[in-house]
Amino acid sequence: MTENTLGGFCRDLVDDDPYGQAIDPERLAARFVDHFGLSARPNLVELTDLAERAGFGTVREGKMEGLKGAHVGQPGGEYHIYHRDDLWEGSKAQTVLHELYEIILERMAEIHSPGMPVPSGPHPVICQQAERFAAAALMQADIFLSYAHASGLDVVALHNAFGCAYSSAALRLAEVVRDPPLMAVLYEREEEGDPTGWTGPAVLRARVVKRTAGFGASSSRLICGRRGGLPRRDKALPYGSLAERAVHSGEIEYAEGDGLAAIAKPVLWKGLLAKVIVVAVPWEHRQALEPQLGRQSRPYPSFVTRAVTAAS
């Protein structure tokens with residue numbers, strides 16, 4: 001029987017892939033969830049217990065400048081895993097999983113090349129992979145897919161249900177849902193921190209822009225506004241777009257046109273506009289958005305019983 005430990009998990013990975021080829025973070029997350037028996041909606045308490053019980057190390061919090069998390073330790077031994085103390089609970093859970101992913105890679109490197117120095121320190125590509133791994137473990141494809149459809153592809157509902165960042169939920173939506181094709185765009189206010197320190201009118205920029213392969217390019221004014229061109233990361237909210245209409249109205253906006261159906265939903269924080277989330281689908285799939293508009297009621301799936309079919 002395989003050991004339910006970090007070492008046992010990594011040895012299983014090596015046995016399956018003796019040549020050390022990179023494992024896709026999505027697939028690695030699925031194996032991690034199965035190996036350690038992670039629940040359908042893991043939280044910080046569960047992950048902290050898992051880290052200690054499985055031999056990853058001890059999870060602690062602390063004041064950290066410029067970082068959400070870090071881990072320190074000796075090759076072959078246990079680590080101290082840190083998350084920043086001022087993060088909200090969902091972000092702490094994601095940070096812990098991020099660090100666990102990096103520890104897995106380090107242990108794999110030790111197994112493949114004993115005695116060789118193990119790379120340490122943040123690396124942009126590894127950090128991106130770690131974020132994908134963390135999101136996939138927190139928002140597991142089978143239950144996430146069921147909830148995405150039941151909510152009407154509602155990023156706000158997914159954020160609330162899974163306790164993950166809006167950006168993670170928006171990215172995960174485009175990763176997991178294949179039918180219907182979709183595009184998700186998250187605009188966020190430039191200011192960070194507590195809204196009591198915000199001054200002046202809201203300036204929002206695109207932080208997440210993700211579309212599925214079947215969505216294709218679109219010059220729809222609903223998404224692109226009057227200037228045309230698809231939204232791009234860090235670019236300002238398009239003038240004349242549905243997202244801008246939601247900013248001015250402060251309410252959910254829905255429209256159809258140019259072969260698309262789109263919904264723009266503002267997110268308020270302490271009464272001030274913090275984000276606007278846009279989800280668009282081809283017009284013939286417009287019914288997929290209806291639960292967000294209250295036109296259709298669907299039962300929400302249980303986190304206890306998983307869906308039979310997982311996203312491919």
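1. Phe 133 is buried, at a relative accessible area of 0%. Tyr 101 is buried too, at 2%. Buried here stands for under 20% relative accessible area, with a 1.4 Å probe and protein chains only.

2. The model is predicted: local features need pLDDT of at least 70, side-chain atom pairs count only at pLDDT 80 or more, and totals for chains, interfaces and linings use all residues. Residues are numbered from 1 along each chain as its sequence is written, and side-chain values use heavy atoms, without hydrogens and water.

3. Ten aromatic pairs turn up in a search of the whole structure. Rings of Phe, Tyr and Trp (its six-membered ring) pair if their centres lie within 6.5 Å; planes under 30 degrees apart are stacked, over 60 edge-to-face, the rest tilted. Take Phe 32 and Phe 56: the centres are 6.3 Å apart and the planes at 70°, so this pair is edge-to-face. Phe 32 sits in helix H2 (residues 25-36), and Phe 56 in the loop between helix H3 (44-53) and strand S1 (57-62). They are 24 residues apart. Helices (H or I, at least four residues) and strands (E, at least two) are DSSP runs, numbered from the N terminus. Both Phe 32 and Phe 56 are buried.

4. Tyr 101 and Phe 133 form a tilted pair, 5.2 Å centre to centre with 40° between the planes. Tyr 101 belongs to helix H4 (residues 89-112) and Phe 133 to helix H5 (residues 124-138), so the pair ties together parts 32 residues apart in sequence.

5. Ring pairs join Phe 9, Phe 32, Phe 36, Phe 56, Tyr 101 and Phe 133 into a cluster.

Conventions
Buried means under 20% relative accessible area, exposed over 50%, partly exposed in between (1.4 Å probe, protein chains only).
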